[in-house]
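Biologist: I would like to learn how to read aromatic ring pairs in a model, beginning with the general idea and then turning to a case.

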Amino acid sequence: MSSAKLKLALSASLLLSACGSDDNATSTTPPVEPAKHLAGALADGGAIRGLVENNAQRLQRQQSTPVKADGHYQVDTDVLVAGSVLKIEGAQGGESMTHYSLITDSMLTGGVSNITPLTSILVSRITGVSAAIAYAEGKTDLINDDALDVAEAELRQVLMPLLTVLSLNDVSFAREQFEANMTGLDALLGTLKFNFGEKAVELTYIPSGDSVTLPYKGDWNGLQLTPQHEVTETELSVIYHADQLLESMALSLSSEGGRTNYEAALHHDAHWFGVGRDEMFDAQREIIGSETSKLDRFKDYHLSAADIEKGEFLLSYTEHYESNEFATAGRRHAWFKTDVNGDLKFLGDQSPSQITSANAFLKYAKNHKDFNMGIPEAPAGQWRLELDMFLSGADCDAIPVIGPWQFPAYDNPNDTSFVTQLPKIADHLSFSHVVVEGPGLGYSAFIDRIYHEPDTRECYLTTSVVPQNVMTEGAYLTEPAAVTHGSQFTFKFVGFNKEILAEKTITLGQGVQSDLEMETYNAQPKKLHGAKDEFQYSWSRSDLAMVVEGDVWAKERNKAISTRVSIPYGETQVQSADLDAVEALFHTAVDPFGRMLSNDYLAWGSYLGKTE
């Protein structure tokens, strides 16, 4: 409630009391009691997860508050004061972020203060400095309800062309409770990019690229974010509609008559993992055809790019399945496109090809200190670039099987005798090879071979230049520190005459961090028992980890390949009575920035064992 509305409500109650009294009676209006808790949404096109802090909390016990999974926080009001600033440090959409909000008298009474990029702007507009400075240096003397009323009115006017489409003309960005569910105000946040500077903030409408710069001090008269095309609700709510499509597609794969529902979600030009629209249902059903439960399968969306003239939108998102033939969890980049009726549909690949569903992940692999084969020089953690380039099942059927993957001997780590035996891309596909370029590699990764996993229809591309498996192990980074936030890696598909047939660029979120910083996300083993027919593994993570669990890959004694043990949704333990003695274990997950994590436990020649 704005201060004006609050004052009006109080005035009305006083008038009614006066009118209902007589000369011999006294009437008092009880004071407005503050709410017991201050709560609000933490959103930026989806729920922000992290820690909430306040720069004027009076009790040491309340230094920070973890955010709930749905993007809401709650703080006791007895440790808060009006005229102070809130801060959220967290992650959403594969991006790290810090945003700010404010606390006024009406917020303590109403119990709501949202924290979003828009409230960061409000803090800066009221204080005249960047929100970060206002928080750090306590420049909060000007924060009050009247100033907030003015700042919100100014910001509404700037965004009015977009707010009108969503029927949010009178919205309070800071004081009106909403859900971080990719609808309403959260939908708008998902289509905006914010570039906060020392003296101004630039707002960009991602679908069209139109932008406006708002100074923290100075006149905003005439400043408005006005796209040069007719904006639709579908366009503004593209993340919500995409999420609904993906969930519907996953459930349709296992339902009776599911083909009709699945194909209704597809654009007529859809292409994904090497197959066209008419083959997608069968191809995907073979991989993820056992989805039946209502889960939060898709999260951490980020609108990466758009072609508004074509009605195409590129979304990055983290996925987690009940059952997947390849991997339970991962990070995807897929295009969505509006059809002739203006409805959003799944497109997949923007340019159809056998391998354009190629993907790149920044991967952090950590050898556990107690299970590293007794190698004292083994590094705590290694950064690699996982390169995923899968063939369709039909294309894979034609690729010869050379045998299970053979790793080089410990005393001959550069032995390429196995990888040079693998089938050449040029002999089986419609192009010669793939070159992957980007920071940190120190070289151009040359991908020229195909590996066919024995007894499966799983094929993926790799290299014969080095003995590493660029999918399961990842390409080694020679300069890890060069991979920073927003780093880009480009796949170039090269033809037989050395011409570039197609390119695909993957933009990463958070970059490389130190081993100490990565401890927040790593699993800590509680129980690890790898004896024959008695495999058990349980673990814990920090409350701030916010990871999506993937799979446990168990390397059994006397077997060349690992066996995947899926992690049930929400669980932190797995077990199996069907495994031989387990001598190595690889536990995968996806962190909130879309990076792949691998906790590795090695005990070759023996079996793993650890109890709580």
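Modeller: Let us start with burial, where buried means under 20% relative accessible area, exposed over 50%, and partly exposed in between, for a 1.4 Å probe and protein chains only. Trp405 is buried, its relative accessible area being 6%, and Tyr451 is buried as well, at 1%. This is a predicted model, in which local features need pLDDT of at least 70 and side-chain atom pairs count only at pLDDT 80 or more, while totals for chains, interfaces and linings use all residues. Residues are numbered from 1 along each chain as its sequence is written, and side-chain values use heavy atoms, with hydrogens and water left out.

Biologist: How many aromatic pairs are there by the rule for rings?

Modeller: Rings of Phe, Tyr and Trp (its six-membered ring) pair if their centres lie within 6.5 Å, and planes under 30 degrees apart count as stacked, over 60 as edge-to-face and the rest as tilted. The count by this rule is 19 aromatic pairs. In one of them, Trp405 and Tyr451, the ring centres are 5.2 Å apart and the planes stand at 85 degrees, so the pair is edge-to-face.

Biologist: Where in the chain do Trp405 and Tyr451 lie?

Modeller: Helices (H or I, at least four residues) and strands (E, at least two) are DSSP runs numbered from the N terminus. Trp405 lies in the loop between α11 (393-397) and α12 (425-428), whereas Tyr451 belongs to strand β20 (residues 449-452), so that this pair links distant parts of the chain, 46 residues apart.
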